[in-house]
Amino acid sequence: MLVQLRPPAPRGADAPAGEFSAERAYAQARTVAAGTHAAGSPAADQVRAHLVGVLRGLGLETEVQETIGTEAGQLSGAAGGATLARVRNVVARLPGTGSTGRIFLVAHYDSVQVGPGGNDDAAGVSAILEVARALTAGPRPRNDIVFVLTDAEEACLCGASAFASGHPLAAGGGVVLNLEARGNGGPVIMFETSRRNAGLVRVFGRAAPHPIGTSFAVEIYRLLPNDTDFTAFLDHGFVGLNSAYIDGAAVYHSPLDTPATLSRSSLQQHGDNALGLAREFGRVDLGTVRAGGDATYFPVPGGLARYPGTLTWPLALIAVAAVGALGWLARRRGRTSWPRLLAGLGLGAVPLVGAPVAAQLLWLGVTTLRPGYRELLDPYRPLAYRLAVLALAAAVLFAWYALLRRRVGPAALAIGGLGWLALLGLVLAALTPGGAYLASLPALAGAAGGLVALAVRPSGPSAAVAVTAGAAVGVVVLLPTVVLLFPALGLGLGGVAALFAVLLGFAALPVLDLLHPEAGGQRGMAALRARRAAAVPVLAAALAAAVLTGVGLRVDRFDAAHPVPTHLMYALDAGTNQARWLSLQTDPQEWTARYVDQPVSVRDEFPVLGDAKPLAGPAQPAALPAPALTVLADTGAGDRRTLRLRLQPQRPVRLVALHVAAATATVLRATVAGRDVPVQRVDDGGPWSFGLVFHAPPPEGIEVEFELATRGGPVSLRAMDASDGLAGLPGFQPRPPGVGILGSHSSEMVAVARTYSF
Ligand SMILES: [Zn+2]
């Protein structure tokens, strides 16, 4: 069962032309991620030229879509603000023979500002190049296939947003297959779909050679603060599937996200699935994949199980009824009583709460010993810790069982556990329907097994077979989720995996009892021996949890190859010539503490940083110019003014920003680089009435036009820009080995700002 969660073996460069080869794709990933190539940088220009060359070399109609993109999803630039970017998407088309719609293979070619993005998203880009090669080597598909390598994903999803909203090929929508990486290995998980996904999931189960995906993941993903290009496509009415590998998340967005860390097996799985899906979606009538409602789906040995979402409630209710019937029959057969059943159900809450709490306390202890873990999504080598969490959950469950088995009885405890699964099935059906199968199916199968066991001779071999078969269903359903929750949520939320491990334990309880030393009805030495025997698994699991935690601490030390992440940036007010070091770490490492100590609010001076309260320390001012802000036109009368301005960076920067002081004016209308941007009225008492952030600005800067309601006096504006890299700043000492850079969009940022009054 766990074997299917392992990515396939990578295929070599000699694989047949119609197949996906991780080795061939990897060669592309090395070129794409040869260095850091954030949107707008000269390195990104080189990567783009390479991509265009490869796609044209395949004979595909290829162009660069150069335009201004606005941020997809929520506005995050500043209070009441707008985020935009100058973007250059690489778009290539393989025309179909009789197209019924379009398939879009999407990955972003930009990297973060501090690392080369060897996985995120050179893996997706290189997989798409290799898929394009394999597709052009074979017969042409029926439907158009469009390859979209987007720009400025890391900045604001602006490339995807610009393509989806404005490119001629995007008119009419289509099926998007987005390829991502949030780590450097592990199985590729299809973790997000558009709504009403039944038709898409049917194709996924049929055509992806390694279909790992669960309808529960969509719900989990919504809890996480991540967004991908897929969001931008969904916003514009596209349908599709979003896939990523997510294990090894310690490297995410950091300088360590290099091609060398990329798992070729994960790349093979990414490519195999993308190629299989492109061929199948390229073959079918795309009108049919939009049919149907939402599906429930999850991985099982040999493929993907799926059924219509309309069965969620019936299954949840049948599971409750089946567990109820099991309790009724067990009482009638004299195996238990109503009070015991009630006790079994009530006491089931103990491990359900106890194991997650224990797991969270364990991680609290580990992060107290090793505070650097708090800055990472997951440790560099998390395996021992994950096993420790599972051992701890087992210890809690075993202890609960050993203590209560005699008093409450094995039947009541087992039925109580199934009762919890059935009740959780109802809760999940109401809150997260895609996850209800995780509780309803184990409850139903376990109850069915129990009913069969009571109907045949209860202590005979056929009863044991029935109980085991029922429990096996629960294990098959729950085990992949327990395993995948660790990389999905990180050990900081290890309690969630522990919770599902307890549910898995509940499903397996009846079998556990078959193995349990007989304790009922014995007296004296025999009872004592039985009690001692019952204590053995408890102690073994608790010991394993302790040993594994120790192993984790020993194996996963910070060193030069696995550095402790630190966040530092530099902020200069070019008007007052005051400079500061800033760090967003709440609990700074020794290295960071040399630069910063006092928490400060910076939203008055560096509004792009928002309401975060970084730690600050004094710095020497560097000779860096603030962006120039010049008035191109100034019209109006009374308290109404229309200001046309040019905001121009005076050095190579990644972004420029402009904020209007609320005390001097309210922005009624804003046009940025020729685009009207939405203006939201904010009356949060903050210093800014409007702000804009513009990524990858052209050297000549951008034109901004504001229609303002002034307070009678001059209008005050704060202009800021940001470049990347602290090397060369006065007073900066390079990090020693073992001290690394935190994967954050403001890591290593050099911000320069000044206030203008007109
Ligand atoms: Zn990405």
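Student: Is Cys 156 buried or exposed?

Tutor: Cys 156 is buried, at a relative accessible area of 3%. Keep in mind that this is a predicted model.

Student: And Cys 158, buried or exposed?

Tutor: Cys 158 is buried too, with a relative accessible area of 0%. The two residues form a disulfide, with 2.0 Å between their sulfur atoms.

Student: What is the handedness of that disulfide?

Tutor: The torsion about the S-S bond of Cys 156 and Cys 158 is about -125°, so the disulfide is left-handed.

Student: How many disulfides does the structure hold?

Tutor: One.

Student: OK, rings. How many aromatic pairs are there?

Tutor: A search of the whole structure gives 22 aromatic pairs. Among them, Tyr 570 and Trp 581 have ring centres 5.1 Å apart and planes at 65°, so that pair is edge-to-face.

Student: Where do Tyr 570 and Trp 581 lie?

Tutor: Tyr 570 is in strand β11 and Trp 581 in strand β12, 11 residues apart in sequence. Both are buried.

Student: Which pair links distant parts of the chain?

Tutor: Trp 591 and Phe 732, an edge-to-face pair at 6.1 Å centre to centre with 85° between the planes. Trp 591 sits in helix α19 and Phe 732 in the loop between β22 and β23, 141 residues apart. Trp 591 and Phe 732 are buried.

Student: Which charged end sits over the ring of Tyr 26?

Tutor: That of Arg 264, 3.6 Å from the ring centre. The charged end of Arg 718 sits over the ring of Phe 606, at 5.7 Å from its centre.

Terms used
Residues are numbered from 1 along each chain as its sequence is written. This is a predicted model: local features need pLDDT of at least 70, side-chain atom pairs count only at pLDDT 80 or more; totals for chains, interfaces and linings use all residues. Side-chain values use heavy atoms; hydrogens and water are left out. A disulfide is a pair of cysteine sulfur atoms within 2.5 Å. Buried means under 20% relative accessible area, exposed over 50%, partly exposed in between (1.4 Å probe, protein chains only). Rings of Phe, Tyr and Trp (its six-membered ring) pair if their centres lie within 6.5 Å; planes under 30 degrees apart count as stacked, over 60 as edge-to-face and the rest as tilted. Helices (H or I, at least four residues) and strands (E, at least two) are DSSP runs, numbered from the N terminus. A charge sits over a ring if NZ of Lys or CZ of Arg is within 6 Å of the ring centre and within 35 degrees of the ring normal.
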